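Please look over the report below, which describes how two chains meet and how one of them is built.

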Amino acid sequence: MSIPKKYRPTAIAVLVIVFSVIILILSVKMTSDTGFMRKLILDVAAPIERLIRTPLDKTIAVWNRYLFLVGLGEENRRLKRENDQLKNQLLRYQEGYLEGLRLQKLLTLKDQTDYVSMTARVIGIDQKSLIKTILINKGTSHGIRNGLPVMNDQGVLGRIIETSWHVSRVLLISDGNSNIDALVQGTRVQGMLQGSGTMRCVLKYIPKTEEVKTGDLVVSSGMTEVFPKGLLLGTVIRADKKDSGLFQRIEVVPAVDFTRLEEVLVLMVTEKKRK
Amino acid sequence: MIFYVLIPWFLLMLVVFQHAFLGTIFFHSIAVEISLVLVIYAGLRMSVLRGGILSLILGLMMDCITGVCSGFYALIYTSIFLMVYLVSLQVYAKSTPFIVLFTLCCGLIEGIWLLALNQMIYGTNILSDLVLFYLPQLVIVSLISPFLFKFFHRIGWLHDGYVRSS
């Protein structure tokens, strides 16, 4: 049987399809090992594919690496910025922590004293001029007035000598104009603690007959209304009886480190705590 | 004669190139199936015998490279070839828009074949994969098909002097 010439092309195409179907059916039915032709094609194709893919993969890997490095640079910059921000933040937290510790000490002191006290922040230190003073951020509007004693957890700093509404000036005990009635804690001998102008004080009017030695603590005697009794003023660092005259020359180092003043306590000595 | 000598190698290179090169270039996310365009080209431009053999061998090569059972792509490509051939008898198939749209249609038919054969042979439903991956790929293949037609047309031994003008 011959196929008309007109339909021969279609017949060829159909034949090819039929052939494909037969291959497919056989392939599905026969689940044996991979056929010879498939093996051959795979074996031929694999090296060619590798040949094409290897340089391509390497190029793409280099490109990806480049992109990664570009990203890494950007990430590095971002991390540096973040690091700076975190450093600043950490610094603020550390400051806050240290401030908290200082305030805690002041609070402890506040509880220990019998007087109503007010916490103030030191806003200015003037120790280089003739008069050694500091400025605090509390004034008359807060109840501060002249003469009130100022201290911190270490001891007495000085007293208020000038006030405005919101700021007050404190005369430090190391200033030459500062005079405080004091006594040596061990011997109970009384004298006058006067600033010497430097970071030192001098305990005056202690007779040579009295025994005062290095390391003795000097506290307020409470003889005047300004400083309540028993507040720590300083420590004796030198007691000299060799000077001519009736009295010893006793040098006292203030209990307070004036170079590290941040928060202070103003004692409202006229107002006693109600217990 | 040269056609029958060269065609297996040419098709093997084409399939490997399509699988390895284009796959890698597009990060294995898009498979540009230029083999389908060649089948359509064969249906529109080449003699039936040559086109049929080309489709059959190409399909078998695809079966080997993609790992599906033998005859899977061979059936799809030969059936598409027949369909294209029958269409080519009725229409003028030289304009670029026609080639693009026709490739798109043939790609959709291939998609239906893939869906049906996968369901029948492997029992898997690949509809979601077809929609998500195959259709975008098909659009790309359709758009580049006119350029591929020009490329195939330049390969002289593919026609051996005979080019159907529809």
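This is a predicted model: local features need pLDDT of at least 70, side-chain atom pairs count only at pLDDT 80 or more; totals for chains, interfaces and linings use all residues.

Two residues are taken to be in contact if their C-beta atoms, placed from the backbone, lie within 7 Å. On that basis, the contact draws 26 residues from chain A and 29 residues from chain B. Helix H1 (8-29) and helix H2 (36-112) of chain A are the elements that give two or more residues to the side of chain A that touches chain B, and H1(A) supplies the largest share of that side, 13 residues. The classes on this side are tabulated here, with the residues that each class comprises.

| Class | Members | Side of chain A that touches chain B |
|---|---|---|
| Nonpolar | Ala, Val, Leu, Ile, Met, Phe, Trp, Tyr, Cys, Pro | 19 residues |
| Polar | the others, Gly among them | 3 residues |

Residues are numbered from 1 along each chain as its sequence is written, and chains are lettered from A and ligands numbered from 1 in the order in which they are written.

Helices (H or I, at least four residues) and strands (E, at least two) are DSSP runs, numbered from the N terminus; chain A has 2 helices and 12 strands, and from the N terminus on its elements run α-α-β-β-β-β-β-β-β-β-β-β-β-β. Of the contacts in chain A with a separation of 6 or more, 55% join residues 24 or more positions apart.

The model scores ipTM 0.81 and pTM 0.53.
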